[in-house]
Amino acid sequence: MEAIEDSTKGVPRLGLRHVQAVLLFIGLCANTILQLNVGVAVVAMTNTTTSVDGEGDIPKYNWSEVEKSYILSSFYWGSALAQFPAGYLCKRFGSKAVLFWGTLGSSLLSALTPHGVYAAGWQAFCAIRLLQGVCQVTWPCIHQHLANWCPEAERTRLGAFAYTGFDCGNVLAMYAAGMIASSSLGWPGISYSAAALGLVWCVLWLLLGASKVTEARFITEAEKCYILGDLQRLERKESRSKKLRIPWKGIFTSAPVYALLCARCADTWGLSTMQQELPAYLSGVLRLDMKSNALFSSLPFLLMWGMCYVYLVIADVLLQKKWLGLTALRKTYTTIALWAPASIMLALGFVGEGHQNVVLLLITLSVGVSSAATIGTELNTMDLSPNYAGILAGIITSFTNVVALLTPLVVGVLVTDAGERGQWQVVFCLVAGVLFAGNVIFMVWGTAVTQPWNEAPELQGELEPEEKPFQLLAQEAADNGVDLRINCKNP
């Protein structure tokens, strides 16, 4: 206890580590809008039944359901290719540079979208979205940035807060995009506003962001010590880091990694279906106009955003009171995030056509409760391997992007008529099955214990216990949790 108390002496309650979390929140929000506003944009671009004063010169298009599915999935063609290299680039050049150039590129492409569509139609839209996907390096960078900045005692709190930028971005991608599309700006305004937000964030990130604590200009010595430990341990760590090699064999033979991969893919299948197809479902089956569509498309993600903070407070209490270990906490939250939406999706198939309010309520709940995945699985890469969190996140995100690529294509095959309710029921039942299977696998093989391959074998003997930033004290067999101590000396 004495080591922990010494390490927190003089540390500001709100420091540069919190600034980094806020920047990640805004950056993730901006990148999510750049990624997901296409669902509303496609509906607005193909909705020829309504018009708004002042947008008479803005063209509308008669694209087929298959062509729409290509547009919705094309972003993930590029993103799936980018995630693994992004993890390596973050490790090589730092999260600040990689995240900056990725967001800048995606923002500029967003500003070019209307002109590309005017010139070459849906094919140009697909090409631009593919290039935006290549620029989407958010997840590996955020994982690596949090691993570099978050002390173990604050990892869940700061990490979960940063990830709620995703939920905020979901809300804005649906609601704000719908409001812009129904205004005189029309659907081109969706692309221009998203580009402007991304560019503003790039400026803030250049001024205040830092890949590592040692590169930060405005950090206090006390906070630096709290995060990294004393200068002697830092120097030894830097000299050892040059010897570290990526443990490919350990990663690809690790059961907890595959369990996490299955859970993340399942969650992505469910969430991606709702993110990309919900506006089409509300427009086709429930016959909502653009403004109502924007409101009811955003409500599930507004609830999801709010529930993130509820889950965070509960998780903080559970960990502080030691009512649950970290592994038990991860599995409990993952079960909520996957099985609760699965049950609601099944119930959705039995609701009659005349119960519009019940349908909207169930859809809102199914997405809202799934935000437990932020604490359940999204932070698990840092548990398994703090040293290679970015690499691990890049691998997993590559697969989840393939899943996100497939979901609109599958829906495009299953739903040939967006107004046919029975076809959407098949989609919802498929989502429920995937969510159920993903959680079963994570419950059996998932864990929050740091894996042996996190440290290179030749270096494990070099570390004295007092030199390790996170020292394993005990493992609770009852709940498979771990207790970690932060070792840090005041300079």
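Reader: How many disulfides does the count come to?

Author: This is a predicted model, so local features need pLDDT of at least 70, side-chain atom pairs count only at pLDDT 80 or more, and totals for chains, interfaces and linings use all residues. Residues are numbered from 1 along each chain as its sequence is written, and side-chain values use heavy atoms, with hydrogens and water left out. A disulfide is a pair of cysteine sulfur atoms within 2.5 Å. By this rule the count is zero.

Reader: Which cysteine sulfur is closest to that of Cys262, and how far away is it?

Author: Cys262 is partly exposed, at 29% relative accessible area. That class lies between buried (under 20%) and exposed (over 50%), with a 1.4 Å probe and protein chains only. The closest cysteine sulfur is too far for a bond: Cys265, at 6.8 Å.

Reader: Is Cys90 buried or exposed?

Author: The relative accessible area of Cys90 is 3%. That makes Cys90 buried.

Reader: How many salt bridges does the structure hold?

Author: A salt bridge is a side-chain nitrogen of Lys or Arg within 4 Å of a carboxyl oxygen of Asp or Glu. One of them joins Lys68 to Glu65, with the closest N and O atoms 3.5 Å apart. Both residues lie in helix H4 (residues 65-93), about one turn apart. The structure holds four.

Reader: Which residues are linked with Arg264 in a network of salt bridges?

Author: Arg264 meets Asp267 at 3.2 Å between the closest N and O atoms. Arg264 also meets Glu378, at 3.5 Å. The network links Arg264 with Asp267 and Glu378.

Reader: How far apart in sequence are the parts that Glu378 and Arg264 tie together?

Author: Both Glu378 and Arg264 are buried, and their side chains meet in a salt bridge. Glu378 lies in helix H16 (residues 373-378) and Arg264 in helix H12, so the pair ties together parts of the chain whose separation is 114 residues. Helices here are DSSP runs (H or I, at least four residues), numbered from the N terminus.

Reader: Which backbone oxygen does the side chain of Lys331 reach?

Author: Lys331 is in helix H14 (residues 326-348). Lys331 counts as buried, at 16% relative accessibility. Leaving out residues up to four places away in sequence, Lys331 touches Phe442, Met443, Val444 and Gly446, where contact means heavy atoms within 4.5 Å. At 3.1 Å, the side chain reaches the backbone oxygen of Gly446.

Reader: Which helix gives the most to the nonpolar patch?

Author: The patch is formed by Val19, Val203, Leu207, Leu208 and Phe218, with about 430 Å² of accessible area together. Patch residues have over 30% relative accessible area and no salt bridge; like charges are joined within 9 Å, nonpolar side chains (Val, Leu, Ile, Met, Phe, Trp, Tyr) within 5 Å. Accessible areas come from the Shrake-Rupley method with a 1.4 Å probe, and for residues only the protein chains shown count as cover. With three residues, the top contributor is helix H8.

Reader: Where does Phe218 lie?

Author: Phe218 counts as exposed, at 53% relative accessibility. Its place is the loop between H8 and helix H9 (221-228).

Reader: What is the phi of Lys322?

Author: Lys322 sits in the loop between H13 and H14. Lys322 is exposed, at 58% relative accessible area. Although Lys322 is not a glycine, its phi is positive, at about 60°.

Notes:
Helices (H or I, at least four residues) and strands (E, at least two) are DSSP runs, numbered from the N terminus. A polar contact is a pair of N or O atoms within 3.5 Å; within protein, one must be able to donate a hydrogen and the other to accept it, and residues adjacent in sequence count only if both atoms are side-chain atoms.
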